[in-house]
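Please examine the sequence and the structure shown below. The explanation after them is meant for a reader who meets this structure for the first time.

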Amino acid sequence: GIPGLVLAAGLSGHGFGIGPGVGHLVADMVLGRKTLTEATQYRLARFARSQWGKVSDF
């Protein structure tokens, strides 16, 4: 609960490669600007189900 704090994490070892792109995407989202790409494809809910069932079932 820190006002104004936005944390973009979970980049694992790929952070140096994709970090700048993620930073740009998150900045656009926070500032209410149009994003460079469709951000809904990265929603957390995508892990709840897949074409084969729940990810946690594997």
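The paragraphs that follow lead from the chain as a whole to its helix, its salt bridge, its pocket and its surface.

The structure is a predicted model. Its protein chain has 58 residues, and buried residues make up 9% of them. The secondary structure of the chain consists of one helix and zero strands. The accessible surface of the protein chain comes to about 5,100 Å², and carbon and sulfur atoms account for 62% of that area.

The helix, α1, covers residues 15–31. The backbone of S12 has a positive phi of about 55°, although S12 is not a glycine. S12 has a relative accessible area of 70%, and it therefore counts as exposed. L7 likewise counts as exposed, because its relative accessibility is 73%. In sequence, L7 and V26 are 19 residues apart, while their C-alpha atoms lie 8.9 Å apart in space.

How many salt bridges does a search of the whole structure find? The search finds one. This salt bridge joins D28 and R33, and the closest N and O atoms of the pair are 2.7 Å apart. The two partners can also be described by their accessibility. D28 has a relative accessible area of 4%, so D28 is buried; the cut-off for this class is under 20%. R33, at 44% relative accessibility, counts as partly exposed, because this class lies between the cut-offs for buried and exposed.

The next feature is the empty space beside the protein atoms. Rolling a probe the size of a water molecule over the atoms shows where such space is left. The largest pocket has a volume of about 430 Å³. Which residues lie nearest the centre of the largest pocket? They are L11, V22, L25, V26 and Y42, which belong to a lining of 18 residues. V26, one of these five, is also the residue whose C-alpha atom lies 8.9 Å from that of L7. By class, the lining of the largest pocket comprises 13 nonpolar residues, three polar residues and two charged residues.

V6, V30 and L31 make a nonpolar surface patch of about 280 Å². L31, one of these residues, is found in helix α1. Is L31 buried or exposed? L31 counts as exposed, because its relative accessibility is 57% and the cut-off for this class is over 50%.

Notes
Residues are numbered from 1 along each chain as its sequence is written. This is a predicted model: local features need pLDDT of at least 70, side-chain atom pairs count only at pLDDT 80 or more; totals for chains, interfaces and linings use all residues. Side-chain values use heavy atoms; hydrogens and water are left out. Patches are made of residues with over 30% relative accessible area and no salt bridge: like charges are joined within 9 Å, nonpolar side chains (Val, Leu, Ile, Met, Phe, Trp, Tyr) within 5 Å. Accessible areas come from the Shrake-Rupley method with a 1.4 Å probe; for residues, only the protein chains shown count as cover. A salt bridge is a side-chain nitrogen of Lys or Arg within 4 Å of a carboxyl oxygen of Asp or Glu. Helices (H or I, at least four residues) and strands (E, at least two) are DSSP runs, numbered from the N terminus. Buried means under 20% relative accessible area, exposed over 50%, partly exposed in between (1.4 Å probe, protein chains only). On a 1 Å grid over the protein atoms alone, a cavity is a set of points where a 1.4 Å probe fits but cannot get out, and a pocket is an open set with protein on both sides within 12 Å along at least five of seven lines; lining residues have an atom within 4 Å of a point. Grid points are joined across faces, edges and corners, and a volume is the space filled by probe spheres set on the points. Ala, Val, Leu, Ile, Met, Phe, Trp, Tyr, Cys and Pro count as nonpolar, Asp, Glu, Lys and Arg as charged, and the others, Gly among them, as polar.
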